[in-house]
Amino acid sequence: MKASIEWLEEYSDIDVDSVKLGDILTMTGSKVETIEQKGNDIKNVVVGKILEIKKHEDSDHLVVTQVDLGNEKVQIVTGADNIKEGDIVPIAKDGSELPGGVKIKKGLLRGKESCGMIFSVGELGLTVTDYPGQIENGIMILDKSLEKELGKDIVEVLNLKEDIIDFEITPNRPDCLSIEGLGREVAVSLGKEFKNPRKNIDEMKVEDKKEIEGLRVDITAPDLCYRYIARVVKNVKIAPSPEWMRRRLKACGVRSINNIVDITNYVMLEMGQPMHAFDINSIEGKHITVRRAKNGEKITTLDEQERELDENNLVIADEKKAVAIAGVMGGLNSEIENDTQTVVFESAVFYGGSVRKTAKKVGLRTEASSRFEKGLSSENALRAVNRAVELVELIGAGEVVEGKIDVYPTKQKINKIKLDVDKINNLLGTNIEKQDMINILEQLDIKVENDIAIAPYFRMDLEFVADLAEEILRIYGYDKLETTLIKADTTLGIRNKEQKIEKAIKEVLVNSGLSEIYTYGFVSEKDLEKSKINEELIKKSITIMNPLSDEYKLMRPTTVPSMMQTLAINANKKNQNAKLFDVSRNYRNINNEVQNGEVPLQENILTIGMYGDDVDFYTLKGLMENVLETVNVNRYDVVKETKNESYHPGRCANIKVGTDVIATLGEVHPEVLMNYDIPKRAYLLEANITKIVKYSKANKKYVEVPKFPAVERDIAMIVDESVEVGQIEKIITKKSKKLLESVKLFDIYRDDKIGEGKKSVAYSLIFRDKNKTLSDDEINTIMNNVITELEKNLGAELRKA
Amino acid sequence: MKEEILKIEEASQNSIKECEDIKLLNELKVKNKKKKGELTAVLRTMGKLSPEERPVIGSLVNQVRDKLTLLFEQKEKELQKKELLKKLETENIDVTEPSKKITLGSLHPITQIINEVEEIFLGMGYEIADGPEVEKAIYNFDKLNTPPDHPARDIQDTFYITEDILLRSQTSPVQARVMENQKPPIKIICPGAVYRSDSVDATHSPVFHQVEGLVVDKDISMTDLKGTLEMFAKKCLGENTKIRFRPHHFPFTEPSAEADVSCFVCGGKGCRVCKGEGWIELLGCGMVHPNVLKNCGIDPEEYSGFAFGFGVERIAMAKFGIEDMRLLFENDVRFLKQF
C-alpha cells in the first residue's frame with residue numbers, strides 16, 4: 001500500500017522525515033518496502049518564457065530560441081514544433097538534471113550554441129493524464145499565469161516534491177490498506193493525536209429508502225453478501241477530476257479515468273472500502289439482485305475479457321444479466337460512459353473466502369478483490385458511500401439524491417475481549433502497568449470499559465487476549481522485550497536411533513571420499529523411462545495437480561532418476577570422477593492412500609552414484625559393507641539380482657536380511673547410461689535406511705582377544721564359471737563349524753590350461769579354538785570334510801599346492 | 001711374563017683404537033676371545049710360574065681382559081653410531097613432495113548448516129522431530145489456524161496432490177503432529193524439505209529447507225523466545241551477533257515477530273549481503289496462537305508456547321558466500337568438494 005506523506009498529514013502531524021517515519025512504522029508493524037522521494041531527481045530546471053523563435057540556418061527541423069529566465073536570457077536550440085513566441089515553458093539550464101539520471105549540459109547543435117533544453121511532460125517524469133491538455137510528443141506548455149514565476153525552480157512552482165512510502169501490509173490488517181488506517185498508525189506510532197477529518201461522515205444520518213430513482217436492491221445470497229448499500233447521483237457531468245485528486249491517486253499508483261471513477265478509487269484508497277459506480281440506465285428493470293452466478297454464466301468485465309462463472313461465484317445482476325462480478329470487477333455492460341446521466345454508487349461487503357476463490361477462478365486479482373478477500377467491515381461500507389457522494393458535491397460532479405438503499409442482513413459483530421493484565425504480562429514476559437495498557441489500546445481506538453476491551457468496527461482481527469497482547473507490545477515496543485531463558489524442567493536433547501544411524505552413515509561415506517548431494521523430489525515420466533524404472537513402480541508415482549512444469553510433475557517413486565541426472569550433469573561438465581551420495585525420500589502411493597486422503601509411503605533412502613577410474617562393483621559393495629558394519633548390521637546376504645532393469649543384468653545384487661531386501665547395488669545398465677549420455681560405466685546403490693535401522697543391533701559386544709595360536713591352511717580349486725564364490729564360502733563356513741576364524745579369497749584366475757568356462761579360486765583359511773591349541777589331525781578332518789562337500793556340491797576340482 | 005702381557009695389552013689397545021670398521025672390529029674381538037688368543041696363550045704358560053707369582057699374573061691377565069672388553073664395547077658403540085649417521089644421511093627426503101592421503105568427501109552445505117543448528121538445540125534440550133513431506137492439508141493449514149478460505153493459503157502457493165493432500169509448504173505440520181501426540185513439555189526442532197510453487201532462479205527454488213522450533217510448557221513467554229533465539233544466533237553466527245524483533249503477522253502465532261540479526265558478514269556496518277542495512281532478516285516467530293494449541297488438543301489456558309522457523313539455504317548462502325541458489329541443487333563435484 002502506497003501512501004504519500006502529504007495525504008497522511010491530513011490524519012496526523014508528522015515531525016520527522018520520511019526515512020525516519022518509515023523506520024518508526026516498521027517497528028510498530030507497518031513494514032516499509034520502499035520510500036520514493038519524488039522531485040529530488042529534478043535539479044536546476046526553471047520556468048522560462050520564449051521571446052523569439054528563428055529557423056536554424058543549417059537544419060530543416062531545428063529552431064533557435066531566445067528564452068527569458070527572469071534574471072538572464074539564454075539561447076536554446078530545439079526540434080520542437082508546438083511552441084510559439086510568448087509561451088511559458090520549463091527550461092533545463094546548463095548543468096541540470098532530469099528524472100532517470102539525465103544530465104543537461106551546454107553544447108553546440110549544428111554550430112549554434114544551446115544553453116539547455118526545453119522539454120516534454122514525459123521528460124519531467126509526468127504523464128499526460130496528470131496534466132490534461134498537454135500533448136505526448138511535444139513541449140510542455142505551462143499556464144500563462146506562471147509568467148510571474150520566471151527563473152523559479154519548476155519543482156516548487158509545479159509542486160513536484162512528494163515523498164511516497166510503500167508499506168507491506170499483513171493480511172490481518174485490511175484496515176491499513178487505506179490512508180485512514182495508515183494515518184491512524186502514524187499518529188499512534190509518533191505519539192500524536194489522530195485528527196479525524198471524517199468526523200462529519202461518522203456522524204452523518206442518511207434516511208433508508210426502499211427505492212431511489214426507481215432503483216431497488218435484493219440480496220438472495222446473504223451468506224456471501226453481508227451488506228449492500230446504494231446511493232444515487234443524478235445530472236452527472238463526466239469530466240476529469242481535480243488536480244489534487246489526480247495527484248493523490250497517482251501517488252498511490254492509480255490511474256485517473258474520470259471524476260466518477262476517480263471518486264470510487266479515491267474512497268477505496270482513503271477508507272479501504274472498494275466501491276463500484278455504474279450507469280443506472282444499464283440496469284434492466286432498475287432492479288439489482290446480489291445472487292450466485294448460474295453455472296456457465298458469462299460476463300465481459302471492464303477489461304473487455306469474457307469470464308465464465310459458476311454457482312460458487314457471486315454476481316451483481318439486473319433482471320436479465322450479471323453487471324459485475326461481486327468484489328472482483330465491474331461488467332463492461334454497465335460502465336460509466338461520457339454521456340452517463342445518473343450514477344449508482346455501490347458500497348457492499350462480501351464474504352472474503354468467496355471473493356478470493358472467484359478472483360482465483362477468473363484469474364483476476366484486483367485492488368478490490370485483494371481487500372475483500374481479507375474480510376472488510378460492514379460498518380465502514382456506509383461511511384464510504386457517504387464519503388463518495390460528499391466528494392461528488394465537493395467537486396461538482398453531479399447532484400446527490402437524498403437517502404440510501406441499505407440491505408444489511410448480517411450485522412457486523414463487535415468483538416469484546418477481557419483485558420487480563422497478568423495473562424498479557426506472562427505471555428510477553430513484561431511488567432507493563434494496567435493503565436499503560438489501557439492508554440495504548442485507547443490510542444488504537446480500542447475502548448476499555450470495566451476491564452473489557454471493545455474492538456473498533458475496523459479491527460475485526462482482534463479476538464483473543466493474545467491479540468491484545470500484540471497490540472500493546474507493538475506500541476510499547478518490541479525492542480523493549482528483554483531476553484530470558486526458559487525456566488522449566490530439564491529436557492533431554494538427544495538424537496533418536498534413526499537420526500544417529502543416518503548421521504553415522506553420512507560420516508562413513510564422507511570419510512570414504514563421497515560427497516553429499518541434494519536433489520529435488522520431482523521427476524517427469526520421461527525421467528522414469530530414461531532410468532528404466534519398472535512399470536509397477538511408475539504406477540505408484542504421485543502426481544502433482546499444479547506442477548511448475550512437466551519436468552516436475554511427479555513425486556519420485558524411487559531416487560534412481562535423481563541420482564542418474566546428477567551423474568549426467570557431472571559427466572556433461574567433463575568431471576572425470578564423481579562419487580556421490582544422497583539421503584532423501586521416495587514417495588509411493590501403494591494402496592491409493594493419496595486418493596483416500598491419507599499420507600502415502602515415504603521412505604528414507606540412501607542413494608550412492610559413482611563413476612570414474614577407481615570404482616567398480618566391488619568398490620561399491622565394500623562401501624556398503626563398511627556402512628553396514630558401522631551401524632551394526634552383521635547378518636546379511638549378497639544375492640545376485642538379474643531382473644532390475646536399471647542395472648546391468650550380470651552385475652547387480654540385492655543385500656538381504658533373511659528375505660527382506662535392504663539394498664540394491666550394481667553397475668548401471670548400458671542403455672540407461674546411453675539415455676543419460678554418460679560415457680563411462682557408472683555404479684548405483686539404493687538402500688532403505690528405515691530397514692537398516694530395523695536390523696541394526698543396539699550394541700557392539702566385546703569378544704575376548706584370542707590366547708591360543710591360529711592354524712592357517714590354503715586351499716585352491718577349479719570350478720565352473722557359474723559357481724559364485726559366495727557358494728564356496730558358504731560351504732567352507734558350514735563345514736568348518738565354529739573353528740573357522742576367517743576365510744579369505746586371495747586369488748582368482750582363468751587361463752587356457754584350466755579351460756574355457758572355468759576358473760581357479762584360492763582361499764586362505766584361518767582356524768582357531770579359543771580354549772586350546774588345535775592339532776593337525778583336527779584341522780585335517782575339517783579340511784577333508786570341506787573338500788568332499790565342495791567336490792560333491794559344486795563339482796570343485798582340488799588343486800594340489 | 002708381565003712385560004709380555006703388557007705388550008699384548010698395548011698392541012690390542014692400538015689395534016682397537018685404529019679400527020674404523022665394525023666388521024674388522026668384530027674379527028678382532030673374535031680373535032681376542034678365541035682359545036688361541038694371545039692372552040689365553042699366556043695363561044696356558046702359567047703352570048711354569050711359582051705359586052706366589054700365579055695369582056699376581058692371573059689377576060693381571062683378568063684386568064687386561066676386562067679393560068680390553070670395555071674398549072671393545074666403547075669402540076663398538078662409537079662405530080655403530082657412525083654407521084647410523086651415515087645411513088640417516090642417505091635417507092634424507094623432500095618433505096614438500098605431495099602427500100599420500102585418502103581423499104575425503106564432503107557433507108552438503110545444507111546438511112552442514114542443519115547439523116550446526118541441531119547441535120545447538122540438542123544442547124538446549126530439544127529433540128529433533130520429523131514428519132511426512134507429502135502431507136495432509138489439515139496439518140499444513142487447518143490445524144495451524146489457516147482454514148480453507150484463509151488468505152494465507154494464497155500467500156504460500158502450494159503444490160497440491162489432491163484437495164486434501166499436498167506437499168508441505170512449511171515444516172510446521174510436524175509441530176502439529178507432535179503436539180497431538182505428546183503432552184507438554186514439548187521442545188522440538190523440525191528440519192526438513194518444504195515445497196512452494198516458485199520457479200527456479202538465483203534466489204528461488206520450488207524445494208528448500210527449513211528448521212522450525214517449538215516449545216510448549218507452562219509459563220513460556222515472548223522474552224524466552226527472544227532469549228532462545230539470541231542464544232542460537234550467537235552460537236550459530238558469532239558471539240557478537242545482535243537480535244532485533246519487529247512486529248509481523250502469521251496465522252499460527254500471536255503476537256508474531258520477524259527477527260533480524262546484525263549482519264554476520266560485515267558485523268552491522270552495511271555490506272552487499274545485508275544490502276547496506278546492517279541487519280539481515282533471519283526468521284519468523286511468535287507465541288503459539290491459542291487456536292493452534294486448541295486444535296492440537298492442548299489447553300491454551302494452561303499452557304503457552306513459542307515457535308520459530310527459518311530457511312536453511314539463505315543462511316548457507318550468506319555464510320558460505322554462495323550467490324546463486326541453483327548451485328546448491330546442481331551438485332557439480334567441483335562445487336561440492338569445497339565444503
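In this predicted model, the axes of helix α1 (residues 2-18) of chain B and helix α4 (residues 53-90) of chain B come within 10 Å and cross at roughly 0°. An angle under 35 degrees counts as roughly parallel, and α1(B) and α4(B) are therefore roughly parallel to each other. The predictor assigns the complex an ipTM of 0.84 and a pTM of 0.84.

**Helix α1 against helix α4 in chain B**
- On the α1(B) side, the contact involves B:Lys2, B:Ile5, B:Glu9, B:Ser12, B:Gln13 and B:Ile16.
- These residues meet B:Ile57, B:Leu60, B:Val61, B:Val64, B:Leu68, B:Leu71, B:Phe72 and B:Lys75 in α4(B).
- By residue class, the contact of α1(B) with α4(B) consists of nine nonpolar, two polar and three charged residues.

**Helix α5 against helix α11 in chain B**
- Helix α5 (residues 109-123) of chain B and helix α11 (residues 312-320) of chain B have axes that come within 9 Å and cross at roughly 105°.
- Angles of 65 to 115 degrees count as roughly perpendicular, and α5(B) and α11(B) are therefore roughly perpendicular to each other.
- From α5(B), the contact is made by B:Pro109, B:Ile110, B:Ile113 and B:Ile114.
- From α11(B), the contributing residues are B:Val312, B:Glu313, B:Ile315, B:Ala316 and B:Phe320.
- The residues of this contact between α5(B) and α11(B) comprise eight nonpolar, no polar and one charged.

**Overall form and confidence of chain B**
- Chain B contains 13 helices and nine strands.
- The radius of gyration of chain B is 42 Å, well over the 20 Å that the globule rule gives for 339 residues, so chain B is more spread out than a compact globule.
- Taken along the principal axes, the C-alpha atoms of chain B fill a box of roughly 130 × 45 × 45 Å.
- The average pLDDT of chain B is 90, and 98% of its residues score at least 70.

**Contact between chain B and chain A**
- In chain B, 72 residues are in contact with 77 residues of chain A.
- Helix α9 (residues 222-237) of chain B supplies seven residues, the largest share of the side of chain B that touches chain A.
- That side of chain B divides into 33 nonpolar, 19 polar and 20 charged residues.

**Domains of chain A**
- Chain A is divided into domain 1 (2-39 + 162-197), domain 2 (43-157), domain 3 (203-407), domain 4 (416-477), domain 5 (497-695) and domain 6 (711-799).
- The centres of domain 4 of chain A and domain 5 of chain A, taken over C-alpha atoms, are separated by 56 Å.

Note on methods. Residues are numbered from 1 along each chain as its sequence is written. Chains are lettered from A and ligands numbered from 1 in the order in which they are written. This is a predicted model: local features need pLDDT of at least 70, side-chain atom pairs count only at pLDDT 80 or more; totals for chains, interfaces and linings use all residues. Two residues are in contact if their C-beta atoms, placed from the backbone, lie within 7 Å. Helices (H or I, at least four residues) and strands (E, at least two) are DSSP runs, numbered from the N terminus. Ala, Val, Leu, Ile, Met, Phe, Trp, Tyr, Cys and Pro count as nonpolar, Asp, Glu, Lys and Arg as charged, and the others, Gly among them, as polar. pLDDT is the predictor's confidence in each residue, from 0 to 100. Axes are lines fitted to C-alpha atoms, for helices over the stretch in contact, and angles run from 0 to 180 degrees between N-to-C directions. Angles under 35 degrees count as roughly parallel, over 145 as roughly antiparallel, 65 to 115 as roughly perpendicular and the rest as oblique. Domain bounds come from an automatic or database domain assignment. The radius of gyration is taken over C-alpha atoms; the globule rule is 2.2 Å times the number of residues to the power 0.38.
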